[in-house]
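Take a look at the model below.

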Amino acid sequence: MNWAETIVKALKDWDTSLITYVPDISIHQVTSLIDEDPFFRLVPATREEEAIGIAVGSYAAGRNAAVFMQSSGFGNSVNALASLCIPARTPIPMFINLRGGPGEFNIAQVPMGQAVRPIMDQLGLVHFTLNDDTNMDKILDGAMKLCYANRQPMAVCLTQLLHGGKLA
Amino acid sequence: MRRFDGTQLISRIAGNAAIVSNLGPSSDELWHSGLRDRNFYTYGNMGLCSSIALGMAMATDEQVISLDGDGSMLMNLGTIASIGREKPKNLTVVVWDNEKWGQTGGQTSHTGMGTDLEQVAKSCGITRTKTVTDLEDLEAAVSEAMKTDGPNFIVAKIEESGYMPVAPVEPEFTLYRFRNTFVEPRQPGS
């Protein structure tokens with residue numbers, strides 16, 4: 001099972017079936033699998049904070065939901081996390097392609113990519129970073145369990161070292 | 001038409017529908033219209049009211065109503081495109097359109113300068129749209145929407161006429177109570 005298949009399995013194991021996302025070439029390796037799988041409903045959003053809103057609505061009506069985005073788009077979603085998810089306690093797993101690290105070619109991706117985890121820390125939200133697929137199934141299973149137990153958003157940051165990234 | 005009168009009307013005819021309300025007066029007035037377990041009041045996340053409603057409509061087959069505002073809708077026009085793309089049959093969006101940002105000093109919004117949200121909805125592929133200016137037409141539009149496959153998009157032109165007291169809403173409890181109408185309540189330790 002490769003890294004993308006491992007994410008799909010974790011989503012299924014935790015009955016998280018509505019996936020909303022803003023497209024990204026690296027997480028496309030996961031969302032393309034989701035798109036082909038009738039277990040899921042894949043919903044493209046126009047912007048990352050919209051994706052957070054859709055996911056919260058789905059959870060509120062009884063269907064667990066996760067969000068996929070790139071680190072640049074995390075910057076678009078911060079107020080949705082701060083003013084909606086945290087006060088209402090909504091467990092939204094977020095899978096973030098973390099740009100701006102080793103191998104990055106685009107100067108514009110570095111500041112936001114480097115800021116994702118400090119912002120999560122400032123919000124008091126838990127995050128994990130995956131640089132390779134060692135023990136990935138156990139880490140994801142534990143991360144999903146924590147997210148639903150804590151009833152707060154949780155981020156899994158997927159780096160270029162894991163997925164190969166976007167070539168210049 | 002006053003927003004509070006329209007809100008009371010919708011609350012009365014909504015049956016068991018989920019109602020999501022925009023931050024500020026829309027949520028205050030929904031709260032003052034009478035408590036319903038399926039009211040989802042918001043107090044932050046400006047612009048996301050109809051996105052939340054879209055997510056709800058894709059998680060349940062039951063009717064979902066969004067009580068949005070022109071200023072908030074303008075902040076997230078993209079979600080109209082998403083509604084037009086997904087076309088949930090059970091979603092009705094009502095935009096209280098006072099053509100201003102009422103809570104920040106009454107500055108004229110874009111809908112007061114020519115932006116027509118009904119036309120935006122039409123251009124996004126939402127075919128069941130209407131603009132109403134009085135309670136009678138609002139009641140007819142919402143009643144029809146409850147009985148007919150959507151998505152429905154209703155622009156309700158309103159006049160700002162004072163505010164109700166801020167509702168004592170607690171977001172965590174709002175979500176817990178709302179969600180428990182769709183799923184079994186969480187048990188201690190689960």
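What radius of gyration does chain B have, with 190 residues? The model is predicted, and its coordinates give 16 Å for chain B. A compact globule with 190 residues would have a radius of gyration near 16 Å, so the value for chain B agrees.

**Chain B as a whole**

The C-alpha trace of chain B spans about 55 × 35 × 30 Å along its principal axes. Of the 190 residues in chain B, 49% are buried. Chain B contains eight helices and eight strands. Now take the contacts in chain B between residues at least 6 apart in sequence. Of these, 72% join residues at least 24 apart.

**The sheet of chain B**

Strands of a sheet pair through backbone hydrogen bonds, either parallel or antiparallel. In chain B, six strands form an open sheet with parallel pairing. Their order is β2-β1-β3-β4-β8-β7. Which strands sit at the edges? They are β2 (39–41) and β7 (128–132) of chain B, and each pairs on one side only. On average, neighbouring strands of this sheet are turned by 15° against each other, direction ignored.

Look inside the sheet at β1 (residues 18–21) and β3 (residues 64–69) of chain B. These two strands pair in the parallel sense over four bridges. Here Val20(B) stands opposite Ser66(B) in β3(B). Helix α3(B) packs on the sheet and touches β1, β2, β3 and β4 (91–97) of chain B. The direction of α3(B) makes about 170° with that of β3(B).

**A crossover in chain A**

Strand β5 (residues 126–130) of chain A is joined to strand β6 (residues 154–159) of chain A by five bridges. His127(A) has Ala155(A) in β6(A) as its bridge partner. How does the chain get from β5(A) to β6(A)? It crosses through helix α7 (residues 136–150) of chain A, and this β-α-β crossover is right-handed.

**Where the chains meet**

The contact takes 29 residues from chain B and 27 residues from chain A.

Notes. Residues numbered from 1 in each chain as written. Chains lettered and ligands numbered in written order. Predicted model: local features only at pLDDT ≥ 70, side-chain atom pairs only at ≥ 80, totals over all residues. Contact = placed C-beta atoms within 7 Å. Pairing = 2+ DSSP bridges. Right-handed = clockwise from strand over helix to strand, strands pointing away. Rg over C-alpha atoms; globule rule 2.2 N^0.38 Å. Buried ≥ 20, exposed ≤ 12 C-beta atoms within 10 Å, placed from the backbone. Axes fitted to C-alpha atoms, helices over the stretch in contact; angles between N-to-C directions.
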